[in-house]
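Subject: Structure handover

Hello,

Here is the structure we spoke about. Please look through it first; my notes follow below.

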Amino acid sequence: MFGKSEEGIDKKLARNIKRIRMERGMTQKDLADAMGSIEQSVSKFERAISAPSAKAIMQLCEALQVTPNDLYLDESDWQGWQSEKLEHQEHSINGLADHIEMVQALFAKAEKAHDDKDDKLERAYLDQIIQMYMWSTDHFREVAHLLDRRYVNEYLDKMELETRNAIASNVD
């Protein structure tokens, strides 16, 4: 798994330390300072002349804001690990895409029912969407409040328009 040189030092680790340091816009001195070490140590790590101790690995991780996996995996392994990690988290891009697809399919079915003038079926599809978001009394309360605010705002808009029209007709 690890690409050891003849000296037994991991070359992938050396390449990754240098790559990540450079991606962060850090010099070897910057990294050494952040680790509480000397520049020559960082140089030796990056040239695979000496291997960092476990303590130095943790200091590297902290200074570079990475995990040990980021330091030890080669680029393709790291990308696969990141991709797998993202797929298995509770809130992932794939999860969001699946959710959007499911909701849009229900909206499409509701639109078709609307076009077919099937109010009952349209309402059933829209109700499925609503039920996805409203599973507690607090959610129903929020929707009730939102609908009430909408009604009051629409009523005020109509009242303003009627008042404006009444004033405009008296101005002439």
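A residue is called buried when its relative accessible area is under 20%, exposed when it is over 50%, and partly exposed in between, using a 1.4 Å probe and protein chains only. Helices are DSSP runs of H or I with at least four residues, numbered from the N terminus. This is a predicted model, in which local features need pLDDT of at least 70 and side-chain atom pairs count only at pLDDT 80 or more, while totals for chains, interfaces and linings use all residues. Residues are numbered from 1 along each chain as its sequence is written, and side-chain values use heavy atoms, leaving out hydrogens and water.

Helix α2 (residues 28-35)

Leu31, Ala32 and Met35 are buried in this helix. Viewed down the axis of α2, the buried residues lie within an arc of 100° (taken from the directions from the helix axis to the C-beta atoms), so they line one face of the helix. Their cover includes α1 (11-23), α3 and α4, where contact means heavy atoms within 4.5 Å. After α2 comes Gly36, which has a positive phi, near 75°.

Arg47

Arg47 sits in the loop between α3 (39-46) and α4 (54-64). Is Arg47 buried or exposed? Arg47 is exposed, because its relative accessible area is 51%. In sequence, Arg47 and Lys11 are 36 residues apart, and their C-alpha atoms are 8.0 Å apart in space.

Leu156

Leu156 belongs to helix α9 (residues 137-171). With a relative accessible area of 37%, Leu156 counts as partly exposed.

Regards

Terms used: Helix = DSSP H or I, 4+ residues; strand = E, 2+ residues; numbered from the N terminus.
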